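Please walk me through this structure, starting from one detail and then widening the view to the whole chain.

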Amino acid sequence: MLDPQQHLQQLREAIDNTDSELVQILLKRRQLAAEVGVVKRQLGQPLYVPEREASMLVAKRKQAEQAGLSPDLIEDVLRRIIRESYQQQQAADVHLNDKTVVIVGGNGALGQLFVRLFSSAGAKVLILDKDDWQHAEHFCEQADLVLISVPIAHTLTVIEALPSLPPGCILADLTSVKRQPLNAMLAKHSGPVVGLHPMFGPKQVTLAKQLVVACHGRDEDQYQWLLASIERWGAHIKALTAAAHDQAMAFVQVLRHLSSFVYGSHLAAEQADLQQLLDLSSPIYRLELMMVGRLFAQDAELYADILLAEPNNIAMLRRYVQRFEMELKRLEQGRKDEFLQEFTRVREYFGEFAERFLSDSQRLLDTAGDSHQIS
């Protein structure tokens, strides 16, 4: 009979062999995913098909439960594998080889992402930046699409400086505010116009599961090929009016950015020990601290422009500060009952979203906990 130490070693070797088999299975799945990508491109199908993914996850969760495994574990594993598969499937898809695309600001971070996307789709891509504006007229006269990807503060000036565009040319922008740029484009160009806001950063490897907001301007039927390409790359398109978009962004971007900025500014002013905060934080607080910290690893001018883009945002932020002060005063005066009443009122406002957010965030926290290493 094996002693416990020998038995443990045998079990570890068996686990290592099983893990090696798992690596080979994952390799086979990746190869199959690559073949799926080829067939999708032949059929003109999008990279991401949510119905297919959702039905597959439901089936595999049920299979896992029947096998005595955790359905959540299997779903987590499969989601990670699927994300890798989308990257594998995004090889060149030359469905735009008859298009010429001019990207104004194509050397910027977001501009470079769209240069890559349009180039991989076979389009002729011309980059127009401030140092080569002498080519603007020549580039634009042959364009099927002129895409503006410049800082918010320069967007209106750049749109105004554009030369005349061909009647069928699409004029679009990627700015995170929409009302003023869309109006400027409509005034500048009599042809098809659409405002786009990619709700993701420039470091995305794939657009699978990403969101792009589209604010319709003019001649919607003439820019369907552009929207179809974005969906083909895996993104979901949400149509909104420019006014509705900007109102929503006041909460999605402006409120969050200022809150994160003030949080970080206060930590700096108090000279808090960041490493100690990390060491003492549970996954949810560590994740929150990371989200604050990532703000300061990015472009300060971008965030300043977002905060200052709409004068109405300042009034909303002022109301937020007043509400913060009101709650702080309650706590200073020990009015716990009023705090509990307000908590209940807000919980009723969130309704079923509160439980949904609790469940979804727990999955994120589990992932964050798996990757955390205690130093």
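How many residues apart in helix α4 are F114 and F118, and what part of a helix separates them? F114 and F118 lie four residues apart in helix α4, and therefore about one helical turn separates them. An α-helix has 3.6 residues a turn, so residues three or four places apart point the same way.

Before going further, a word on the basis of these values. This is a predicted model, in which local features need pLDDT of at least 70 and side-chain atom pairs count only at pLDDT 80 or more, while totals for chains, interfaces and linings use all residues. Residues are numbered from 1 along each chain as its sequence is written, and side-chain values use heavy atoms, with hydrogens and water left out.

The protein chain holds 15 helices and seven strands (DSSP runs numbered from the N terminus, H or I of at least four residues for helices and E of at least two for strands). Its C-alpha atoms fill a box of roughly 85 × 65 × 35 Å along the principal axes, and of its 375 residues 34% count as buried, where buried means under 20% relative accessible area, exposed means over 50% and partly exposed is in between, with a 1.4 Å probe and protein chains only. Among contacts (heavy atoms within 4.5 Å) between residues at least 6 apart in sequence, 67% join residues at least 24 apart.

Helix α4 covers residues 109-120, and because its 12 residues at 1.5 Å a residue should span 16 Å, the 17 Å between its end C-alpha atoms agrees with that expectation; the expected span is 1.5 Å times one less than the number of residues. Within α4, G111, L113, F114, V115, L117 and F118 are buried, and what covers the buried residues of this helix includes the strands β1 (100-104), β2 (124-128), β3 (145-148) and β5 (193-198), together with α8 (224-232). Just after α4, G122 takes a positive phi of about 95°.

Aromatic rings give another way to read the model, since rings of Phe, Tyr and Trp (its six-membered ring) pair if their centres lie within 6.5 Å, with planes under 30 degrees apart counted as stacked, over 60 as edge-to-face and the rest as tilted. By this rule the count comes to eight aromatic pairs. One of them joins F114 and F118 as a tilted pair, 6.5 Å centre to centre with 35° between the planes. F114 counts as buried because its relative accessibility is 3%, and F118 counts as buried because its relative accessibility is 1%. F350 and F357 form an edge-to-face pair, 6.4 Å centre to centre with 75° between the planes; F350 is partly exposed, with a relative accessible area of 33%, and F357 is partly exposed at 42%. Ring pairs link Y349, F350, F353 and F357 into a cluster.

Two further residues show how separate parts of the sequence meet. S176 is found in the loop between β4 (170-173) and α7 (179-188), and it counts as buried at 10% relative accessibility. Leaving aside neighbours within four places in sequence, S176 is in contact with I152, H197, H245, M249, Q253 and I306. I237, in strand β7 (residues 236-239), counts as buried at 16% relative accessibility. I237 and A214 are 23 residues apart in sequence, yet 6.5 Å apart in space, C-alpha to C-alpha. With neighbours within four places again left aside, I237 is in contact with L211, V212, A214, L227, I230 and E231.
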